[in-house]
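Please read this briefing alongside the sequence and the coordinates. The points below are grouped by topic and are meant to be checked against the structure itself.

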There are 2 protein chains.
Amino acid sequence: MALIVQKFGGSSVANAERIFNVARIITEKYRQGNSMVVVVSAQGDTTDDFIDKAAEINPNPSKREMDVLLSAGEQISMSLLAMAIEKLGYPVVSLTGWQAGFLTDSSHGIARIRRVNTERVELELGKKNIVIVAGFQGLNRYDDITTLGRGGSDTSAVALAASLKADVCQIYTDVDGVYTADPRLVKNARKLDEITYDEMLELASLGAQVLHNRSVEMAKKYNVNLEVLSSMERKPGTIVKEVVKVEKMLIKGVAKDSNIARFSILGVPDKPGVAFKIFSTLAAKKIDVDIILQSIGRDGTKDISFTVSNSNEQAALEVCNQMKEVMGALSVACDENVSKVSVVGAGMQSNPGVAAKMFEALAEANINIQMISTSEIKISVLIEKKDANKAVEAIHDAFAI
Amino acid sequence: MALIVQKFGGSSVANAERIFNVARIITEKYRQGNSMVVVVSAQGDTTDDFIDKAAEINPNPSKREMDVLLSAGEQISMSLLAMAIEKLGYPVVSLTGWQAGFLTDSSHGIARIRRVNTERVELELGKKNIVIVAGFQGLNRYDDITTLGRGGSDTSAVALAASLKADVCQIYTDVDGVYTADPRLVKNARKLDEITYDEMLELASLGAQVLHNRSVEMAKKYNVNLEVLSSMERKPGTIVKEVVKVEKMLIKGVAKDSNIARFSILGVPDKPGVAFKIFSTLAAKKIDVDIILQSIGRDGTKDISFTVSNSNEQAALEVCNQMKEVMGALSVACDENVSKVSVVGAGMQSNPGVAAKMFEALAEANINIQMISTSEIKISVLIEKKDANKAVEAIHDAFAI
């Protein structure tokens, strides 16, 4: 008799047949006596269709109006899913983001959840209703509709699970769990039964696109038990939690991210506060920076390089050019032709052989490393984009994960 | 420097080109210094598409979920219209029904507006924003989304105009005003410059589908100046108001309604309270009854006939069969093969020649009259559906409107 939050992505509800498949997954758990709250994304390509529709009218619409438009997508999918559950004979109610109490900040398009007021959801659960909730959307303090950005439905589900103190948050996707590498790239890739939040976080932020990293961060913060599983096949997925049973291998996975660009501001005067100025300006524009590299000062100048995701490329270029002028730097360089490949696994730092083994695998595959970044549980390298798949396979083989 | 409420229907915003046409109509008035509030329906066939989508999943979905689905339609059109206005360089904000303060009762699918809380709209007008508002939708006291039913956007516009004390409420349609008869049926049909609320009300409820009758009732009640005009052509339309300048003709128009069905409960015991029981039961089920005819009692029984719109046919049949059992009536008959044709004009009652002239025209056209109903400003007859167009033309000619 658990309280279960489930989340189904757009491909899981793309058409009537799939909607009924999802309805059956939900009602099966309900029939077993569980309280069910289900977060749903917009159907299949709805969001892209809306973006095209908007672009036809205004290539540069306000983010506020874009959020109004996009949030209609989940309103459609949630009501259709509710109708399917009605058809199967179960009590159900669908709620928009604002009805379900999702309060966010005002950053349209990339809003962050401030709080979930679960009063309405709990009221409906009290009436024994299956509660369908629109993912990806909320309301800001001015009563304007906001969206959380791509992948935001995962975050909606985890936030709701945390607020409701749900027993588990099940994220249904089109893969059946978290793998040691992309199974399409690496034939020996293996599904993990369990993984820690930190490892998942590194994998998520590294481009293993199973879970949105904000959702994993939130799950870690509020200790929400996550499970990643397939909506197509009925079998156990991967459980994400604080501590996992020890497995003999150290490395949990290899991931790549090719949707990045590297910027360099060259010939920056070697004075205190320069890095602060650059990165605080980027932060103010909500541009997430990943790897940062600063050359050692020489001739009174230094070079500062960093990577950002493709979607922030234009904004980052503007900041770089502005900084170049302000600081009297020499030039700005941008390279889109890069990929980041990483190995992830807890306890890596206390095991110096990992980095050496990774670099050896890359050297043997004749792949040049441009930048290196390490954390307690991962090692990332920036390489040429064309080498990315080869690198993933070489590293996976080297560690025999 | 007026406060203008405009309303654009689904065909006026069916595609990007038409959306820009509407955006130009709005911004032209705004540029002249007027405060603009614009009510918009869902694009073209969106509502029908949603109904099809729902039917594929559940032929009998709950009305609550249907309202959730349908209300996404205006959310799409209002944001696209706002984006077009942004593109033209004007300040604009779009608001859903609940954001714009539309509070309704809980009759999903046919909700009635209880109150419009205009705080948000006035706030946006104060910021000099053009305010786009989703028609057709509101919120009930449980924070559930409701819809007003087909044509409800007209009512939304009039309710908003009344609450804001707007100077005029302009209803843009695909015709350029109110005609003395359907111009597609009667070649001599003439556009009216002015018409009274009562006359418009009779025409609206009689199937001259220019304005939703609930919207005209509301305009009359709150004395809202209405104007019906075309979104395709820039020319004056028809103004609907309390008193119009006297025109020589008495008859304002001829209308027909073929979307009706006639029910008869035959052999009802001739006791007091019988009619009350039938019509109070119909009212409780929110079935609007139009013409009522009760035969004179004979042999201790009487026949009661009435007409309803097609959409209420199934529900009315159930009531009739139930009443038959309860009252011990003989049988129930239903005839869908009927049309109502009416002449409308103020002061008709003090001019007995009108009815005679109408009946003469029908007799000469060899059309049999099944039922007759009169009011202060109209005379309606029920005839066979196949004769409806012929009847409209014959009457229009007879009065030489």
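This is a predicted model: local features need pLDDT of at least 70, side-chain atom pairs count only at pLDDT 80 or more; totals for chains, interfaces and linings use all residues.

A:Val332 counts as partly exposed because 17 C-beta neighbours lie inside 10 Å, a count between the 12 or fewer of an exposed residue and the 20 or more of a buried one.

**Two positions in strands of chain A**

- A:Val332 lies in strand E16 of chain A, which covers residues 331–344, and, when neighbours within four places in sequence are left aside, A:Val332 is in contact with A:Phe263, A:Ile265, A:Cys320, A:Asn321 and A:Lys324.
- A:Val332 and A:Ala316 are 16 residues apart along the chain, and their C-alpha atoms are separated by 11 Å.
- A:Thr307 has its place in strand E15 of chain A, residues 301–309, and this residue is buried because 24 other C-beta atoms lie within 10 Å, where 20 or more are required.
- Not counting residues up to four places away in sequence, A:Thr307 touches A:Ile260, A:Ala261, A:Arg262, A:Asp290, A:Ile291, A:Lys340 and A:Leu382.
- Although A:Thr307 and A:Phe263 are 44 residues apart in sequence, the distance from C-alpha to C-alpha is 6.1 Å.

**Domains and confidence**

- Chain A is divided into domain 1, residues 3–174, and domain 2, residues 254–399, and the C-alpha centres of these two domains of chain A lie 35 Å apart.
- The average pLDDT of chain A is 89, with 94% of the residues scoring at least 70, while the model as a whole scores ipTM 0.76 and pTM 0.77.

**Positive phi angles in chain B**

- Most residues other than glycine have a negative phi, and the residues in this group may be read against that background.
- B:Lys165, a residue other than glycine, has a positive phi near 50°, and its place is in the loop between helix H5 (152–164) and strand E9 (168–173) of chain B.
- B:Lys165 counts as exposed because it has 11 C-beta neighbours inside 10 Å, and the limit for an exposed residue is 12 or fewer.
- B:Asn366 is not a glycine either, yet its phi is positive at about 65°, and this residue is placed in the loop between helix H10 (353–364) and strand E17 (371–374) of chain B.
- B:Asn366 has 9 C-beta neighbours inside 10 Å and therefore counts as exposed.
- B:Asn223, which follows H7(B), has a positive phi near 55°, and the buried residues of helix H7 of chain B, residues 213–221, are B:Asn213, B:Arg214, B:Ser215, B:Val216, B:Met218 and B:Ala219.

**An exposed strand residue in chain B**

- B:Arg115 lies in strand E5 of chain B, residues 113–116, and is exposed because 12 other C-beta atoms lie within 10 Å.
- The C-alpha atoms of B:Arg115 and B:Ala355 are separated by 41 Å, and the two residues are 240 residues apart along the chain.

**The nonpolar core**

- The largest nonpolar core holds 240 residues, and those that touch the most other members are A:Val38, A:Leu81, A:Ile132, B:Val38, B:Leu81, B:Ile132 and B:Val133.
- With neighbours within four places in sequence left aside, B:Leu81 is in contact with B:Val13, B:Ile19, B:Val22, B:Ala23, B:Val40 and B:Ile132.

**The contact between the chains**

- Chain B and chain A each bring 26 residues to the contact.
- On the side of chain B that touches chain A, the elements giving two or more residues are helix H1 (16–31), helix H2 (46–57) and helix H3 (63–87) of chain B, and H3(B) gives the most, with 13 residues.
- The residues on that side of chain B divide into 13 nonpolar, six polar and seven charged.

**Symmetry of the two copies**

- Chain B is superposed on chain A, with an RMSD of 0.1 Å, by a rotation of 180° with 0.1 Å of shift along its axis, which is the relation of a two-fold axis.
- The C-alpha of chain B nearest the axis is that of B:Ala72, at 2.6 Å from it.
- The same surface serves both copies, since 100% of the contact residues of chain B recur in chain A.

Terms used: Residues are numbered from 1 along each chain as its sequence is written. Chains are lettered from A and ligands numbered from 1 in the order in which they are written. Two residues are in contact if their C-beta atoms, placed from the backbone, lie within 7 Å. Helices (H or I, at least four residues) and strands (E, at least two) are DSSP runs, numbered from the N terminus. Ala, Val, Leu, Ile, Met, Phe, Trp, Tyr, Cys and Pro count as nonpolar, Asp, Glu, Lys and Arg as charged, and the others, Gly among them, as polar. Copies are superposed by least squares on the C-alpha atoms of residues with pLDDT of at least 70 in both. A nonpolar core is a set of buried Ala, Val, Leu, Ile, Met, Phe, Trp, Tyr and Cys residues joined through C-beta atoms within 7 Å. Domain bounds come from an automatic or database domain assignment. pLDDT is the predictor's confidence in each residue, from 0 to 100.
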